[in-house]
Amino acid sequence: AVVNPPSPQASMTAKIATVGPHRRLGEARRLAHRWKGRVFFAFLDQGAYSLANFVLTILYASWLPLDTFGRYVVVWTASLFIETIQVALIVASLPAIVSRHGRHNRRRLDTAAFWVVVGYSLATSVVLVAAALIISPWRPAYLWALLAVALANPFQRLYLLFRRLAYIHDRQRIAAAMAACYGVVSVVGAFILVRADALSLASTISLWGIGALAGIGAAVALGVKRPRTMRSATIAWLAIEIWRTGRWLSGAAVANWISNWAIFPLIAVTTGAGAAGIIRALQNLLTPIVQFNAALHLAVLPRVADKVASDGDHYGLRFARRGTAIFTAIAASYCAVILAAAHLILPALYRKPEIAAAAYLLWPLALAIVLDAVRQASAISLLARRRTRIVFTARWIALAVFAGGALLLSALIGFAGILWATAAASAAGAGIVLASALSDNRTETH
């Protein structure tokens, strides 16, 4: 039998069929390589930053008297309030704005974002100074601490901005270098203060600004361009866009801070600063997994926003399912290990019997963190789709749950009830955000 040679058209079809899978496989490999680098440096960034703060919390809890450490925690929550609003209103809004408007204007957007953050930094520092002067007659121990926060605050705000810009521009290695410089300077600075017998509430807080300044210096040295002057109209335009995108998130951030972090000043007022210090020492054991998931959030959100912008909302729906499962499994596994080994870890790290005796309070703290992992992953999908109002609504419903639960449970079981109320609030917020992320509602007003 004679086999007919393939026609030119058939040969071309066979060639395409052969090359197609190889080409797709090559593209998949290149994509996997890029993501491997992104995730590695994101983990390195968050790992170095969280490790430094983890170590510093252990050192300060060990070195400072428990009441002084409790005051440190209260002031830290004030700084965290400012940071939370910045992240929600500015930092979390930038990826979506840049994905839609910045393909050819990223340099101008970076500069405008710098000046927006400068304005926010100055405004919040003025508020801190005013708070220090108002509080000092009744709580003189907080005067110099709040003034130190006011000085460190601008450097902390710019550190967060430069870090976010590194992720937006897909240069996670710069963020990792910033975190490394911050960590080294902060930890070495703490030991210098101890050796110089200069460790105090104000001096430890001053290290926040020094460490942040070191990180900013690393970013500039590695290629983040220095800011330049810009027309006020461009800055105003970006400020309006940030407000449109993040206004619901900023309100949600306030509710989140109240339900998760206001417990420290609340406990300090009702039970004493020392009790707030104990709770923070316990919570510190769980912060590594929070920072780990935050690293995933930083690495994934800009890319998910880009994919949603190019492929449509169905990509965000798919991520809501898979991302939530991954974030939650990681958090639950870590918390299970900490709960099982708490009786060994607490005495070894802190060497304070008051902290070790409170190990049972890790249960509500761990539950709240696992539930927050559910909310965090689901929120990535909503942020990428610019559906932020539901995040705002969920936070305030969670706050209502926290307020009611704290009043009821604290009356029944003391300040431990405040922690269980936090877990209940996390459950309410996570359920609402997850349900919204899994729905295909495209009619929400942003």
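Biologist: Leaving aside its neighbours within four places in sequence, which residues is Ile205 in contact with?

Modeller: This is a predicted model. In it, Ile205 is in contact with Tyr72, Val75, Ala145, Ala148, Val149 and Ala152, once neighbours within four places in sequence are set aside.

Biologist: Where do Ile205 and Leu282 stand in the largest nonpolar core?

Modeller: That core has 133 residues, and Ile205 and Leu282 touch the most other members. Helix α5, residues 143-168, supplies the largest share of the core, with 14 residues.

Biologist: How many helices and strands does the protein chain have?

Modeller: The chain has 16 helices and zero strands. Of its 446 residues, 51% count as buried. Among contacts with a separation of 6 or more, 85% join residues 24 or more positions apart. The accessible surface comes to about 20,200 Å², and carbon and sulfur atoms account for 68% of that area.

Biologist: Let us turn to helix pairs. At what angle do the axes of α2 and α7 cross?

Modeller: A helix pair is read from its axes, its handedness and its contact residues, in that order. The axes of α2 (residues 66-91) and α7 (residues 201-221) cross at roughly 35° and come within 10 Å. The crossing is right-handed. On the α2 side, the contact is made by Thr68, Arg71, Tyr72, Val75, Trp76 and Ser79, and on the α7 side by Leu201, Thr204, Ile205 and Trp208. By class, six of these residues are nonpolar, three polar and one charged.

Biologist: How does α2 pack with α9: at what angle, and with which handedness?

Modeller: Here the angle is about 145°, and the axes of α2 and α9 (residues 263-270) lie 8 Å apart. This crossing is left-handed. Val73, Val74, Trp76 and Thr77 in α2 meet Phe264, Pro265 and Ala268 in α9. The contact of α2 with α9 has six nonpolar residues, one polar residue and no charged residues.

Biologist: Is Ile432 buried, partly exposed or exposed?

Modeller: Buried means under 20% relative accessible area and exposed means over 50%, with partly exposed in between. Ile432 has a relative accessible area of 23%, so it is partly exposed. This residue lies in helix α16, residues 416-437.

Biologist: Which residues does Ile432 touch, not counting those up to four places away in sequence?

Modeller: Ile432 touches Ile390, Ala394 and Ile397. As for distance, Ile432 and Thr393 are 39 residues apart in sequence and 8.6 Å apart in space, C-alpha to C-alpha.

Biologist: Finally, consider backbone angles. What is the phi of Asp197, and where does this residue lie?

Modeller: Asp197 is not a glycine, yet it has a positive phi of about 55°. Asp197 lies in the loop between α6 (172-195) and α7. With a relative accessibility of 73%, Asp197 counts as exposed.

Biologist: What value does phi take in Arg351, and in which loop does Arg351 lie?

Modeller: Phi of Arg351 is near 55°, a positive value in a residue other than glycine. Arg351 lies in the loop between α12 (313-350) and α13 (353-356). Its relative accessibility is 73%, so Arg351 counts as exposed.

Note on methods:
Residues are numbered from 1 along each chain as its sequence is written. This is a predicted model: local features need pLDDT of at least 70, side-chain atom pairs count only at pLDDT 80 or more; totals for chains, interfaces and linings use all residues. Side-chain values use heavy atoms; hydrogens and water are left out. Helices (H or I, at least four residues) and strands (E, at least two) are DSSP runs, numbered from the N terminus. Buried means under 20% relative accessible area, exposed over 50%, partly exposed in between (1.4 Å probe, protein chains only). Contact means heavy atoms within 4.5 Å. Accessible areas come from the Shrake-Rupley method with a 1.4 Å probe; for residues, only the protein chains shown count as cover. A nonpolar core is a set of buried Ala, Val, Leu, Ile, Met, Phe, Trp, Tyr and Cys residues joined through side-chain atoms within 4.5 Å. Axes are lines fitted to C-alpha atoms, for helices over the stretch in contact, and angles run from 0 to 180 degrees between N-to-C directions. A crossing is left-handed if the near helix is turned anticlockwise from the far one by less than a right angle, and right-handed if clockwise. Ala, Val, Leu, Ile, Met, Phe, Trp, Tyr, Cys and Pro count as nonpolar, Asp, Glu, Lys and Arg as charged, and the others, Gly among them, as polar.
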